[in-house]
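Colleague: Could you walk me through some helix packing and ring contacts?

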Amino acid sequence: MSEAKRKRIQGGGTLDPVLIEARGLGLIRNGRTILDDVSLSIRRGQVVVVIGPNGAGKTSLLRVLLGLWEPSRGQLNRGLHMRVGYMPQRIQVDPILPLSVRRFLTLRHRAPLPRLREGLRQVGVPRLLEAPIQTLSGGEMQRVLLARALLGEPDLLVLDEPAQGVDVTGQGEVFNLIDRLRRDTGCGVLMVSHELHLVMAAADVVVCINQHVCCTGRPEEVSRHPEYQRLFPDAGVHGIGIYTHHHNHVHDLTGEVKPVGGTAENKDDAR
Amino acid sequence: MLDDFVIRAVLAGLMVAVVAGPLGAFVVWRRMAYFGDTVSHSALLGVALGFLLGLNLNLLVTVVCVLVAVLLVFLQRRQELASDTLLGILAHSALSLGMVTVAFVEGLRVDLMAYLFGDILAVTRGDLAAIAVGGLFALVLLMILWRPLLAITVHEEIARVEGVPVLPVRLGLMLLIALVIASAMQVVGVLLITALMIIPAATARRFARTPEEMGLLAAGFGVLAVLLGIWGSFSHDTPTGPSIVVAAMLVFVVLQFVPFSRSHHPQVPPPE
(Lines give C-alpha, C1' and ligand atoms only; values in the text may rest on other atoms or scores of the structure.)
Protein backbone atom coordinates (compact mmCIF):
# COMPACT_ATOMS: atom_id res chain seq x y z
CA MET A 1 0.00 0.00 0.00
CA SER A 2 1.46 3.34 -0.99
CA GLU A 3 2.01 6.12 1.53
CA ALA A 4 -0.52 8.37 -0.17
CA LYS A 5 -3.11 5.66 -0.16
CA ARG A 6 -2.54 4.92 3.50
CA LYS A 7 -2.93 8.58 4.34
CA ARG A 8 -6.12 8.83 2.38
CA ILE A 9 -7.53 5.81 4.12
CA GLN A 10 -6.67 7.13 7.55
CA GLY A 11 -8.70 10.19 6.78
CA GLY A 12 -11.44 7.95 5.39
CA GLY A 13 -12.41 7.56 1.77
CA THR A 14 -11.21 5.40 -1.06
CA LEU A 15 -8.55 5.80 -3.70
CA ASP A 16 -9.99 3.30 -6.13
CA PRO A 17 -10.92 4.87 -9.47
CA VAL A 18 -13.75 2.38 -9.87
CA LEU A 19 -16.22 2.94 -7.05
CA ILE A 20 -18.69 0.20 -7.83
CA GLU A 21 -18.37 -2.73 -10.16
CA ALA A 22 -21.40 -4.99 -10.40
CA ARG A 23 -21.59 -8.07 -12.56
CA GLY A 24 -24.60 -10.22 -13.22
CA LEU A 25 -26.53 -9.06 -10.13
CA GLY A 26 -29.69 -10.97 -9.44
CA LEU A 27 -32.16 -10.31 -6.66
CA ILE A 28 -35.02 -12.56 -5.65
CA ARG A 29 -37.27 -11.50 -2.79
CA ASN A 30 -40.19 -13.55 -1.53
CA GLY A 31 -39.89 -15.78 -4.56
CA ARG A 32 -40.19 -12.91 -6.98
CA THR A 33 -37.42 -11.95 -9.36
CA ILE A 34 -36.68 -8.26 -8.87
CA LEU A 35 -33.38 -8.01 -10.69
CA ASP A 36 -31.87 -10.30 -13.26
CA ASP A 37 -28.33 -10.18 -14.57
CA VAL A 38 -27.66 -6.48 -14.01
CA SER A 39 -24.14 -5.25 -14.64
CA LEU A 40 -22.87 -1.72 -14.26
CA SER A 41 -19.90 0.22 -12.99
CA ILE A 42 -19.43 3.68 -11.57
CA ARG A 43 -16.14 5.51 -11.74
CA ARG A 44 -14.97 8.62 -9.98
CA GLY A 45 -16.34 11.80 -11.48
CA GLN A 46 -18.99 9.92 -13.41
CA VAL A 47 -22.73 10.50 -13.24
CA VAL A 48 -24.59 7.25 -13.77
CA VAL A 49 -28.34 7.45 -14.03
CA VAL A 50 -30.61 4.45 -13.67
CA ILE A 51 -33.96 4.88 -15.34
CA GLY A 52 -36.83 2.51 -15.80
CA PRO A 53 -40.61 2.28 -15.48
CA ASN A 54 -42.38 1.78 -12.14
CA GLY A 55 -41.58 -1.57 -10.61
CA ALA A 56 -38.48 -1.99 -12.77
CA GLY A 57 -36.34 -2.55 -9.68
CA LYS A 58 -34.57 0.79 -9.66
CA THR A 59 -34.70 1.34 -5.91
CA SER A 60 -33.94 -2.33 -5.27
CA LEU A 61 -30.85 -2.02 -7.43
CA LEU A 62 -29.77 1.02 -5.39
CA ARG A 63 -30.24 -0.92 -2.17
CA VAL A 64 -28.11 -3.76 -3.43
CA LEU A 65 -25.40 -1.40 -4.66
CA LEU A 66 -25.48 0.40 -1.29
CA GLY A 67 -24.99 -2.88 0.51
CA LEU A 68 -28.35 -2.68 2.28
CA TRP A 69 -29.55 -5.87 0.61
CA GLU A 70 -27.52 -8.93 -0.28
CA PRO A 71 -27.75 -9.82 -3.98
CA SER A 72 -29.03 -13.34 -4.61
CA ARG A 73 -26.60 -13.78 -7.49
CA GLY A 74 -23.69 -12.05 -9.10
CA GLN A 75 -20.65 -10.17 -7.99
CA LEU A 76 -20.45 -6.77 -6.36
CA ASN A 77 -17.19 -4.95 -5.74
CA ARG A 78 -17.22 -1.69 -3.85
CA GLY A 79 -14.26 0.63 -3.39
CA LEU A 80 -12.22 -0.08 -0.28
CA HIS A 81 -13.20 2.28 2.57
CA MET A 82 -15.51 4.08 0.21
CA ARG A 83 -17.53 6.86 1.80
CA VAL A 84 -21.08 7.01 0.57
CA GLY A 85 -23.58 9.82 0.82
CA TYR A 86 -27.11 8.50 0.50
CA MET A 87 -30.22 10.52 -0.14
CA PRO A 88 -33.31 8.31 0.07
CA GLN A 89 -36.58 9.06 -1.65
CA ARG A 90 -38.31 10.56 1.33
CA ILE A 91 -38.06 10.32 5.04
CA GLN A 92 -40.48 11.07 7.81
CA VAL A 93 -39.49 11.84 11.35
CA ASP A 94 -42.12 11.19 14.00
CA PRO A 95 -43.20 14.46 15.71
CA ILE A 96 -42.57 12.85 19.10
CA LEU A 97 -38.84 13.18 18.43
CA PRO A 98 -37.63 16.76 18.92
CA LEU A 99 -35.00 17.20 16.23
CA SER A 100 -33.72 20.33 14.55
CA VAL A 101 -32.21 20.35 11.09
CA ARG A 102 -28.88 21.08 12.76
CA ARG A 103 -29.03 17.90 14.87
CA PHE A 104 -30.26 15.95 11.87
CA LEU A 105 -27.23 17.01 9.83
CA THR A 106 -24.81 15.98 12.57
CA LEU A 107 -26.38 12.67 13.57
CA ARG A 108 -23.40 10.83 12.18
CA HIS A 109 -20.72 13.34 11.30
CA ARG A 110 -20.07 16.11 13.76
CA ALA A 111 -19.25 19.35 11.97
CA PRO A 112 -18.56 22.92 13.07
CA LEU A 113 -21.39 25.42 12.75
CA PRO A 114 -19.93 27.37 9.79
CA ARG A 115 -19.74 24.17 7.77
CA LEU A 116 -23.35 23.34 8.52
CA ARG A 117 -24.39 26.85 7.47
CA GLU A 118 -22.32 26.57 4.31
CA GLY A 119 -23.80 23.15 3.58
CA LEU A 120 -27.35 24.45 3.85
CA ARG A 121 -26.57 27.57 1.84
CA GLN A 122 -25.12 25.37 -0.90
CA VAL A 123 -28.43 23.55 -1.30
CA GLY A 124 -30.42 26.77 -1.09
CA VAL A 125 -32.01 26.53 2.37
CA PRO A 126 -29.73 28.67 4.58
CA ARG A 127 -32.40 29.60 7.09
CA LEU A 128 -33.49 26.16 8.16
CA LEU A 129 -30.64 25.37 10.55
CA GLU A 130 -32.68 25.51 13.76
CA ALA A 131 -36.04 24.55 12.27
CA PRO A 132 -37.68 21.38 13.66
CA ILE A 133 -37.23 18.75 10.97
CA GLN A 134 -40.96 17.93 10.96
CA THR A 135 -41.87 21.43 9.78
CA LEU A 136 -39.99 21.11 6.47
CA SER A 137 -41.82 20.87 3.17
CA GLY A 138 -41.07 18.00 0.80
CA GLY A 139 -38.71 20.07 -1.30
CA GLU A 140 -36.90 21.48 1.73
CA MET A 141 -36.48 18.00 3.14
CA GLN A 142 -34.91 16.82 -0.13
CA ARG A 143 -32.41 19.65 0.02
CA VAL A 144 -31.58 18.99 3.67
CA LEU A 145 -31.07 15.30 2.85
CA LEU A 146 -28.70 16.30 0.08
CA ALA A 147 -26.82 18.60 2.46
CA ARG A 148 -26.44 15.74 4.93
CA ALA A 149 -25.20 13.37 2.23
CA LEU A 150 -22.60 15.96 1.19
CA LEU A 151 -21.36 16.71 4.73
CA GLY A 152 -19.69 13.30 4.91
CA GLU A 153 -17.50 14.24 1.92
CA PRO A 154 -18.59 11.18 -0.01
CA ASP A 155 -16.64 9.37 -2.71
CA LEU A 156 -19.96 8.24 -4.08
CA LEU A 157 -23.21 10.13 -3.91
CA VAL A 158 -26.32 7.99 -4.24
CA LEU A 159 -29.59 9.74 -4.93
CA ASP A 160 -32.99 8.11 -5.13
CA GLU A 161 -35.33 10.36 -7.12
CA PRO A 162 -33.48 13.54 -6.14
CA ALA A 163 -35.94 15.84 -7.87
CA GLN A 164 -39.05 14.52 -6.17
CA GLY A 165 -41.04 17.26 -4.48
CA VAL A 166 -38.70 19.97 -5.70
CA ASP A 167 -40.17 22.54 -8.08
CA VAL A 168 -38.82 22.90 -11.59
CA THR A 169 -36.43 25.76 -10.84
CA GLY A 170 -35.30 23.88 -7.77
CA GLN A 171 -34.67 20.76 -9.84
CA GLY A 172 -32.37 22.72 -12.11
CA GLU A 173 -30.53 24.04 -9.07
CA VAL A 174 -30.20 20.57 -7.57
CA PHE A 175 -28.82 19.10 -10.79
CA ASN A 176 -26.47 22.03 -11.29
CA LEU A 177 -25.20 21.55 -7.77
CA ILE A 178 -24.64 17.83 -8.31
CA ASP A 179 -22.82 18.57 -11.55
CA ARG A 180 -20.60 21.14 -9.85
CA LEU A 181 -19.81 18.79 -6.97
CA ARG A 182 -18.86 16.05 -9.34
CA ARG A 183 -16.42 18.41 -11.06
CA ASP A 184 -15.06 19.96 -7.84
CA THR A 185 -14.68 16.87 -5.69
CA GLY A 186 -14.45 14.17 -8.33
CA CYS A 187 -17.03 12.05 -6.54
CA GLY A 188 -19.08 9.56 -8.49
CA VAL A 189 -22.83 10.02 -8.65
CA LEU A 190 -25.45 7.31 -8.92
CA MET A 191 -28.99 8.50 -9.44
CA VAL A 192 -32.30 6.81 -9.87
CA SER A 193 -35.04 8.73 -11.56
CA HIS A 194 -38.01 8.73 -13.79
CA GLU A 195 -37.70 12.44 -14.59
CA LEU A 196 -36.24 11.44 -17.91
CA HIS A 197 -35.34 14.64 -19.66
CA LEU A 198 -33.84 16.48 -16.71
CA VAL A 199 -31.84 13.56 -15.48
CA MET A 200 -30.59 12.41 -18.82
CA ALA A 201 -29.14 15.80 -19.50
CA ALA A 202 -27.05 15.52 -16.36
CA ALA A 203 -25.87 11.96 -17.06
CA ASP A 204 -22.63 10.57 -18.44
CA VAL A 205 -24.04 7.07 -18.59
CA VAL A 206 -27.66 6.05 -18.62
CA VAL A 207 -28.66 2.56 -17.60
CA CYS A 208 -32.20 1.72 -18.58
CA ILE A 209 -33.52 -1.22 -16.58
CA ASN A 210 -36.65 -3.27 -16.42
CA GLN A 211 -35.50 -6.04 -14.09
CA HIS A 212 -32.68 -6.65 -16.56
CA VAL A 213 -30.56 -4.02 -18.29
CA CYS A 214 -32.49 -3.00 -21.41
CA CYS A 215 -29.88 -0.70 -22.78
CA THR A 216 -26.99 1.33 -21.55
CA GLY A 217 -24.75 4.04 -22.90
CA ARG A 218 -24.52 7.77 -23.35
CA PRO A 219 -27.86 9.59 -22.99
CA GLU A 220 -28.27 10.29 -26.69
CA GLU A 221 -27.47 6.67 -27.57
CA VAL A 222 -29.98 5.35 -25.05
CA SER A 223 -32.71 7.69 -26.19
CA ARG A 224 -32.42 6.31 -29.73
CA HIS A 225 -32.35 2.72 -28.58
CA PRO A 226 -35.48 0.76 -29.60
CA GLU A 227 -35.77 -0.83 -26.13
CA TYR A 228 -35.81 2.60 -24.54
CA GLN A 229 -38.41 3.87 -26.96
CA ARG A 230 -40.52 0.82 -26.27
CA LEU A 231 -40.35 1.45 -22.49
CA PHE A 232 -40.93 5.18 -22.75
CA PRO A 233 -43.02 5.66 -25.90
CA ASP A 234 -43.86 9.26 -25.01
CA ALA A 235 -40.27 10.31 -24.66
CA GLY A 236 -39.56 9.68 -28.34
CA VAL A 237 -36.34 10.51 -30.07
CA HIS A 238 -36.42 14.05 -28.84
CA GLY A 239 -37.00 12.97 -25.28
CA ILE A 240 -33.92 14.68 -23.98
CA GLY A 241 -34.76 18.19 -23.01
CA ILE A 242 -31.40 19.37 -21.94
CA TYR A 243 -31.64 21.71 -19.00
CA THR A 244 -30.16 24.70 -20.72
CA HIS A 245 -32.78 27.39 -20.53
CA HIS A 246 -31.07 30.56 -19.47
CA HIS A 247 -32.29 32.79 -16.73
CA ASN A 248 -31.75 36.47 -16.91
CA HIS A 249 -32.67 36.59 -13.28
CA VAL A 250 -33.02 34.25 -10.36
CA HIS A 251 -35.24 34.34 -7.33
CA ASP A 252 -33.72 34.40 -3.92
CA LEU A 253 -35.40 32.58 -1.08
CA THR A 254 -37.80 35.37 -0.33
CA GLY A 255 -38.87 35.35 -3.96
CA GLU A 256 -37.07 38.57 -4.70
CA VAL A 257 -35.65 38.92 -8.22
CA LYS A 258 -31.89 39.11 -8.47
CA PRO A 259 -29.80 39.48 -11.64
CA VAL A 260 -27.77 36.46 -12.63
CA GLY A 261 -24.19 36.66 -11.44
CA GLY A 262 -25.19 39.19 -8.85
CA THR A 263 -24.21 36.88 -6.04
CA ALA A 264 -21.57 34.22 -5.95
CA GLU A 265 -23.93 31.40 -5.12
CA ASN A 266 -26.15 31.99 -8.11
CA LYS A 267 -23.51 32.06 -10.81
CA ASP A 268 -24.07 28.48 -11.74
CA ASP A 269 -27.58 29.16 -12.81
CA ALA A 270 -26.32 31.02 -15.83
CA ARG A 271 -24.58 28.04 -17.33
CA MET B 1 -29.43 5.36 56.92
CA LEU B 2 -29.99 2.42 54.59
CA ASP B 3 -31.62 0.65 57.51
CA ASP B 4 -34.77 2.61 56.91
CA PHE B 5 -36.91 0.74 54.44
CA VAL B 6 -38.46 3.99 53.21
CA ILE B 7 -35.06 5.40 52.33
CA ARG B 8 -34.17 2.19 50.52
CA ALA B 9 -37.44 2.32 48.62
CA VAL B 10 -36.89 5.92 47.58
CA LEU B 11 -33.30 5.24 46.49
CA ALA B 12 -34.34 2.20 44.45
CA GLY B 13 -37.13 4.16 42.80
CA LEU B 14 -34.89 7.10 41.97
CA MET B 15 -32.19 4.94 40.43
CA VAL B 16 -34.71 3.15 38.25
CA ALA B 17 -36.41 6.40 37.20
CA VAL B 18 -33.14 8.01 36.15
CA VAL B 19 -32.44 5.19 33.67
CA ALA B 20 -36.02 4.44 32.66
CA GLY B 21 -36.68 8.06 31.63
CA PRO B 22 -34.08 8.51 28.87
CA LEU B 23 -34.45 4.92 27.73
CA GLY B 24 -38.20 5.50 27.65
CA ALA B 25 -37.58 8.33 25.21
CA PHE B 26 -36.19 5.77 22.78
CA VAL B 27 -39.10 3.43 23.46
CA VAL B 28 -41.44 6.28 22.52
CA TRP B 29 -39.41 7.47 19.51
CA ARG B 30 -39.09 3.97 18.09
CA ARG B 31 -42.73 3.08 18.84
CA MET B 32 -41.70 0.21 21.04
CA ALA B 33 -44.23 0.65 23.86
CA TYR B 34 -45.94 -2.66 23.21
CA PHE B 35 -42.60 -4.28 22.57
CA GLY B 36 -41.45 -3.16 26.02
CA ASP B 37 -44.65 -4.55 27.51
CA THR B 38 -44.10 -7.92 25.89
CA VAL B 39 -40.54 -8.18 27.09
CA SER B 40 -41.41 -7.11 30.62
CA HIS B 41 -44.24 -9.63 30.80
CA SER B 42 -41.67 -12.34 30.18
CA ALA B 43 -39.72 -11.25 33.27
CA LEU B 44 -41.84 -13.49 35.47
CA LEU B 45 -40.56 -16.47 33.51
CA GLY B 46 -37.07 -15.35 34.48
CA VAL B 47 -38.10 -15.25 38.12
CA ALA B 48 -39.50 -18.77 37.95
CA LEU B 49 -36.40 -20.11 36.20
CA GLY B 50 -34.23 -18.34 38.76
CA PHE B 51 -35.97 -20.15 41.60
CA LEU B 52 -35.89 -23.42 39.68
CA LEU B 53 -32.17 -23.23 38.97
CA GLY B 54 -31.27 -21.54 42.25
CA LEU B 55 -29.58 -18.66 40.46
CA ASN B 56 -29.63 -14.91 40.94
CA LEU B 57 -33.07 -13.62 40.00
CA ASN B 58 -31.95 -10.32 38.51
CA LEU B 59 -29.45 -12.09 36.29
CA LEU B 60 -32.01 -14.59 35.03
CA VAL B 61 -34.63 -11.94 34.44
CA THR B 62 -32.11 -9.98 32.37
CA VAL B 63 -31.12 -13.07 30.38
CA VAL B 64 -34.72 -14.13 29.71
CA CYS B 65 -35.69 -10.58 28.69
CA VAL B 66 -32.77 -10.29 26.26
CA LEU B 67 -33.64 -13.67 24.74
CA VAL B 68 -37.30 -12.76 24.34
CA ALA B 69 -36.38 -9.38 22.86
CA VAL B 70 -34.03 -10.93 20.31
CA LEU B 71 -36.61 -13.59 19.47
CA LEU B 72 -39.16 -10.84 18.90
CA VAL B 73 -36.91 -8.89 16.57
CA PHE B 74 -36.20 -12.06 14.63
CA LEU B 75 -39.89 -13.00 14.37
CA GLN B 76 -40.92 -9.47 13.38
CA ARG B 77 -38.54 -9.65 10.45
CA ARG B 78 -40.41 -12.58 8.94
CA GLN B 79 -43.50 -10.44 8.56
CA GLU B 80 -45.93 -13.33 8.28
CA LEU B 81 -47.93 -12.01 11.22
CA ALA B 82 -48.62 -8.36 11.86
CA SER B 83 -46.38 -6.95 14.53
CA ASP B 84 -49.14 -6.26 17.06
CA THR B 85 -50.55 -9.76 16.68
CA LEU B 86 -47.15 -11.25 17.28
CA LEU B 87 -46.55 -9.05 20.31
CA GLY B 88 -49.97 -9.89 21.69
CA ILE B 89 -49.33 -13.62 21.38
CA LEU B 90 -45.92 -13.40 23.00
CA ALA B 91 -46.80 -10.94 25.77
CA HIS B 92 -49.63 -12.99 27.17
CA SER B 93 -48.02 -16.36 26.55
CA ALA B 94 -44.87 -15.23 28.32
CA LEU B 95 -46.83 -13.92 31.31
CA SER B 96 -48.94 -17.07 31.57
CA LEU B 97 -45.95 -19.31 31.04
CA GLY B 98 -44.21 -17.50 33.87
CA MET B 99 -47.15 -17.97 36.24
CA VAL B 100 -47.57 -21.63 35.29
CA THR B 101 -43.87 -22.27 35.79
CA VAL B 102 -44.00 -20.61 39.20
CA ALA B 103 -46.84 -22.95 40.14
CA PHE B 104 -44.82 -25.95 39.00
CA VAL B 105 -41.83 -25.24 41.17
CA GLU B 106 -42.40 -27.44 44.15
CA GLY B 107 -42.38 -25.89 47.57
CA LEU B 108 -42.08 -22.42 46.14
CA ARG B 109 -44.35 -19.87 47.66
CA VAL B 110 -43.97 -16.71 45.64
CA ASP B 111 -45.92 -13.57 46.34
CA LEU B 112 -47.16 -13.18 42.78
CA MET B 113 -48.64 -9.77 43.50
CA ALA B 114 -45.19 -8.50 44.44
CA TYR B 115 -43.82 -9.44 41.05
CA LEU B 116 -46.80 -8.24 39.09
CA PHE B 117 -47.23 -4.88 40.80
CA GLY B 118 -43.94 -4.34 42.56
CA ASP B 119 -42.93 -4.41 46.19
CA ILE B 120 -40.66 -1.46 46.56
CA LEU B 121 -41.00 -1.32 50.34
CA ALA B 122 -39.45 -4.78 50.61
CA VAL B 123 -36.23 -3.75 48.84
CA THR B 124 -33.24 -5.12 50.76
CA ARG B 125 -29.69 -3.81 50.84
CA GLY B 126 -28.74 -6.56 48.43
CA ASP B 127 -31.55 -5.60 46.04
CA LEU B 128 -30.43 -2.01 46.26
CA ALA B 129 -26.87 -2.99 45.33
CA ALA B 130 -28.14 -5.06 42.39
CA ILE B 131 -30.29 -2.17 41.15
CA ALA B 132 -27.35 0.22 41.52
CA VAL B 133 -24.97 -2.01 39.56
CA GLY B 134 -27.50 -2.79 36.83
CA GLY B 135 -28.67 0.82 36.64
CA LEU B 136 -25.18 2.25 36.43
CA PHE B 137 -24.22 -0.24 33.74
CA ALA B 138 -27.36 0.61 31.81
CA LEU B 139 -26.72 4.34 32.13
CA VAL B 140 -23.16 4.05 30.81
CA LEU B 141 -24.30 1.80 27.97
CA LEU B 142 -27.06 4.24 27.08
CA MET B 143 -24.57 7.11 26.97
CA ILE B 144 -22.27 5.16 24.67
CA LEU B 145 -25.11 4.11 22.39
CA TRP B 146 -26.99 7.44 22.43
CA ARG B 147 -25.74 8.91 19.17
CA PRO B 148 -25.78 5.75 17.03
CA LEU B 149 -29.18 4.83 18.47
CA LEU B 150 -30.51 8.24 17.58
CA ALA B 151 -29.10 7.90 14.06
CA ILE B 152 -30.82 4.56 13.43
CA THR B 153 -34.03 5.84 15.03
CA VAL B 154 -34.25 8.75 12.59
CA HIS B 155 -33.43 6.69 9.50
CA GLU B 156 -31.92 3.26 9.74
CA GLU B 157 -30.80 3.00 6.13
CA ILE B 158 -28.96 6.31 6.00
CA ALA B 159 -27.32 5.36 9.28
CA ARG B 160 -26.23 2.03 7.85
CA VAL B 161 -24.83 3.61 4.71
CA GLU B 162 -22.99 6.12 6.89
CA GLY B 163 -21.37 3.26 8.75
CA VAL B 164 -23.39 2.85 11.95
CA PRO B 165 -23.11 -0.78 13.10
CA VAL B 166 -26.86 -1.29 13.17
CA LEU B 167 -27.09 -4.84 14.53
CA PRO B 168 -24.82 -4.34 17.58
CA VAL B 169 -26.57 -1.07 18.38
CA ARG B 170 -29.98 -2.72 18.25
CA LEU B 171 -28.79 -5.60 20.39
CA GLY B 172 -27.45 -3.01 22.82
CA LEU B 173 -30.90 -1.47 23.01
CA MET B 174 -32.42 -4.89 23.78
CA LEU B 175 -29.89 -5.36 26.58
CA LEU B 176 -30.73 -1.91 27.95
CA ILE B 177 -34.44 -2.64 28.01
CA ALA B 178 -33.80 -5.96 29.73
CA LEU B 179 -31.59 -4.33 32.36
CA VAL B 180 -34.18 -1.69 33.13
CA ILE B 181 -36.92 -4.30 33.38
CA ALA B 182 -34.83 -6.39 35.78
CA SER B 183 -34.23 -3.45 38.07
CA ALA B 184 -37.70 -1.90 37.75
CA MET B 185 -39.46 -5.18 38.46
CA GLN B 186 -39.29 -4.66 42.21
CA VAL B 187 -40.29 -1.03 41.98
CA VAL B 188 -43.44 -1.15 39.88
CA GLY B 189 -43.80 -4.82 38.90
CA VAL B 190 -43.72 -6.50 35.51
CA LEU B 191 -47.17 -5.26 34.49
CA LEU B 192 -46.34 -1.59 34.98
CA ILE B 193 -42.70 -1.22 33.92
CA THR B 194 -43.52 0.19 30.49
CA ALA B 195 -45.52 2.97 32.14
CA LEU B 196 -42.41 4.10 34.01
CA MET B 197 -40.61 4.34 30.67
CA ILE B 198 -43.16 5.95 28.41
CA ILE B 199 -45.21 8.29 30.65
CA PRO B 200 -42.25 10.47 31.78
CA ALA B 201 -40.91 10.55 28.21
CA ALA B 202 -44.29 11.56 26.82
CA THR B 203 -44.57 14.23 29.52
CA ALA B 204 -41.16 15.60 28.52
CA ARG B 205 -41.92 16.00 24.82
CA ARG B 206 -43.66 19.37 25.04
CA PHE B 207 -40.81 20.96 26.92
CA ALA B 208 -37.88 19.61 24.91
CA ARG B 209 -36.22 21.01 21.82
CA THR B 210 -33.51 18.37 21.47
CA PRO B 211 -33.45 14.62 22.03
CA GLU B 212 -31.06 15.11 24.94
CA GLU B 213 -33.38 17.59 26.64
CA MET B 214 -36.21 15.12 26.28
CA GLY B 215 -34.14 12.33 27.84
CA LEU B 216 -33.05 14.48 30.79
CA LEU B 217 -36.53 15.86 31.38
CA ALA B 218 -37.94 12.33 31.23
CA ALA B 219 -35.53 11.30 33.98
CA GLY B 220 -36.68 14.32 36.00
CA PHE B 221 -40.38 13.58 35.58
CA GLY B 222 -39.69 9.93 36.47
CA VAL B 223 -37.99 11.02 39.69
CA LEU B 224 -40.92 13.29 40.48
CA ALA B 225 -43.38 10.45 39.90
CA VAL B 226 -41.44 8.10 42.17
CA LEU B 227 -41.29 10.65 44.99
CA LEU B 228 -44.94 11.60 44.69
CA GLY B 229 -45.98 7.96 44.36
CA ILE B 230 -44.10 6.76 47.43
CA TRP B 231 -45.38 9.71 49.45
CA GLY B 232 -48.94 9.12 48.27
CA SER B 233 -48.66 5.42 48.99
CA PHE B 234 -47.61 6.20 52.56
CA SER B 235 -50.11 8.87 53.30
CA HIS B 236 -53.06 7.06 51.78
CA ASP B 237 -51.98 3.47 52.39
CA THR B 238 -52.16 2.50 48.71
CA PRO B 239 -50.02 -0.07 46.82
CA THR B 240 -46.73 1.64 45.97
CA GLY B 241 -46.10 0.47 42.38
CA PRO B 242 -49.50 1.52 41.05
CA SER B 243 -49.27 4.74 43.10
CA ILE B 244 -46.06 5.66 41.28
CA VAL B 245 -47.72 5.09 37.92
CA VAL B 246 -50.76 7.12 38.99
CA ALA B 247 -48.41 9.93 40.06
CA ALA B 248 -46.67 9.80 36.66
CA MET B 249 -50.04 9.98 34.95
CA LEU B 250 -51.12 12.95 37.09
CA VAL B 251 -47.91 14.81 36.31
CA PHE B 252 -48.50 14.14 32.62
CA VAL B 253 -52.11 15.34 32.70
CA VAL B 254 -51.46 18.44 34.81
CA LEU B 255 -48.54 19.55 32.63
CA GLN B 256 -50.67 19.29 29.50
CA PHE B 257 -52.51 22.35 30.79
CA VAL B 258 -49.43 24.40 31.60
CA PRO B 259 -49.09 27.03 28.90
CA PHE B 260 -45.67 26.69 27.41
CA SER B 261 -44.13 27.89 24.24
CA ARG B 262 -40.59 28.11 23.12
CA SER B 263 -39.78 29.77 19.85
CA HIS B 264 -38.79 27.19 17.28
CA HIS B 265 -37.01 29.75 15.16
CA PRO B 266 -34.77 31.68 17.50
CA GLN B 267 -32.07 31.85 14.90
CA VAL B 268 -30.87 35.06 13.37
CA PRO B 269 -30.26 34.54 9.65
CA PRO B 270 -26.55 34.02 9.09
CA PRO B 271 -24.63 36.84 7.46
CA GLU B 272 -24.45 36.22 3.72
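Predicted model: local features only at pLDDT ≥ 70, side-chain atom pairs only at ≥ 80, totals over all residues.

Colleague: How are α1(B) and α10(B) oriented to each other?

Modeller: The axes of α1 (residues 5–29) and α10 (residues 193–205) of chain B come within 7 Å and cross at roughly 75°. Angles of 65 to 115 degrees count as roughly perpendicular, and α1(B) and α10(B) are therefore roughly perpendicular.

Colleague: Which type is the ring pair of Trp29(B) and Trp146(B)?

Modeller: Rings pair if their centres lie within 6.5 Å, with planes under 30 degrees apart stacked, over 60 edge-to-face and the rest tilted. The centres of Trp29(B) and Trp146(B) are 6.1 Å apart and their planes are at 80°, so the pair is edge-to-face.

Colleague: Are Trp29(B) and Trp146(B) buried or exposed?

Modeller: Buried means under 20% relative accessible area, exposed over 50%, partly exposed in between (1.4 Å probe, protein chains only). By that rule, both Trp29(B) and Trp146(B) are buried.

Colleague: Which ring does the charged end of Arg29(A) sit over?

Modeller: The rule asks for CZ of Arg within 6 Å of the ring centre and within 35 degrees of the ring normal. At 3.6 Å from the centre, the charged end of Arg29(A) sits over the ring of Trp69(A).

How values were computed:
Residues numbered from 1 in each chain as written. Chains lettered and ligands numbered in written order. Heavy atoms only, no water. Axes fitted to C-alpha atoms, helices over the stretch in contact; angles between N-to-C directions. Helix = DSSP H or I, 4+ residues; strand = E, 2+ residues; numbered from the N terminus. Parallel < 35°, antiparallel > 145°, perpendicular 65-115°, else oblique. Phe/Tyr/Trp six-rings, centres within 6.5 Å; stacked < 30°, edge-to-face > 60°.
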